[in-house]
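Let us take a brisk tour of one protein chain. Keep the picture beside you as you read.

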Amino acid sequence: MKCYICAEQGKHTDAVGVCIVCGMAVCREHMIREETPVWDGTYPVRLKRDLEHVKRIICPPCHAALKENI
């Protein structure tokens, strides 16, 4: 599988992870791996603190959206 963001830029970079939010495949350069709030799955979106302190992989667009809502 190739990195979606790299593919849009005309590059062919192997993906090393998948975003937990949207499922986008990302390479090491484009992945963000950090503790993220947990979404309870309802609307409006309510983010809860991660009590387990698990680092998750997230793509740059979802990371930006997450930071807007914190």
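Start at cysteine 19. Leaving out residues up to four places away in sequence, Cys19 touches Met24, Ile57, Ile58, Cys59 and Cys62. Contact here means heavy atoms within 4.5 Å. Keep in mind that this is a predicted model, where local features need pLDDT of at least 70, side-chain atom pairs count only at pLDDT 80 or more, and totals for chains, interfaces and linings use all residues. Residues are numbered from 1 along each chain as its sequence is written, and side-chain values use heavy atoms, with hydrogens and water left out.

**The core**

Which residues make up the largest nonpolar core? Cys19 is one of its 12 residues. A nonpolar core is a set of buried Ala, Val, Leu, Ile, Met, Phe, Trp, Tyr and Cys residues joined through side-chain atoms within 4.5 Å. Buried means under 20% relative accessible area, exposed means over 50%, and partly exposed lies in between (1.4 Å probe, protein chains only).

**The cysteines**

How many disulfides are there? The count is zero. A disulfide is a pair of cysteine sulfur atoms within 2.5 Å. Cysteine 3 is in no disulfide, and its nearest cysteine sulfur, that of cysteine 27, is 3.7 Å away. Cysteine 27 is in no disulfide either; its nearest cysteine sulfur is that of cysteine 3, at 3.7 Å. Cysteine 3 is buried, with a relative accessible area of 1%. Cysteine 27 is buried too, at 2%.

Is cysteine 22 buried or partly exposed? Cysteine 22 counts as partly exposed because its relative accessibility is 43%. This residue lies in the loop between strand E1 (17-18) and strand E2 (25-26). Not counting residues up to four places away in sequence, cysteine 22 touches Cys59 and Cys62. Its C-alpha atom is separated by 16 Å from that of methionine 1, 21 residues apart along the chain.

**The whole chain**

Now step back. The chain has two helices and six strands. Read along the sequence, the pattern is α-β-β-β-β-β-β-α. Helices (H or I, at least four residues) and strands (E, at least two) are DSSP runs, numbered from the N terminus. The C-alpha atoms fill a box of roughly 35 × 25 × 15 Å, taken along the principal axes. Buried residues make up 27% of the 70 residues. Among contacts with a separation of 6 or more, 39% come from residues 24 or more positions apart.

**A buried threonine**

Threonine 36 sits in the loop between strand E3 (32-35) and strand E4 (38-39). Threonine 36 is buried, with a relative accessible area of 4%. What does threonine 36 contact, leaving aside its neighbours within four places in sequence? The list is Ile20, Asp50, Val54, Arg56 and Leu66.

**Salt bridges**

Side chains of opposite charge can pair when their charged atoms come close. A search of the whole structure finds two salt bridges. A salt bridge is a side-chain nitrogen of Lys or Arg within 4 Å of a carboxyl oxygen of Asp or Glu.

| Aspartate 14 | Lysine 2 | 2.6 Å |

Glutamate 34 is partly exposed at 22% relative accessibility, and lysine 67 is partly exposed at 43%. Aspartate 14 is partly exposed as well, at 48%. Lysine 2 is partly exposed at 43%.

**The surface**

The accessible surface of the chain comes to about 5,000 Å², and 54% of that belongs to carbon and sulfur atoms. Accessible areas come from the Shrake-Rupley method with a 1.4 Å probe; for residues, only the protein chains shown count as cover. Trp39, Tyr43 and Leu47 form a nonpolar patch on the surface, with about 350 Å² of accessible area together. Patches are made of residues with over 30% relative accessible area and no salt bridge; like charges are joined within 9 Å, and nonpolar side chains (Val, Leu, Ile, Met, Phe, Trp, Tyr) within 5 Å. Leucine 47 is found in strand E5 (residues 47-48). Leucine 47 counts as partly exposed, at 31% relative accessibility.
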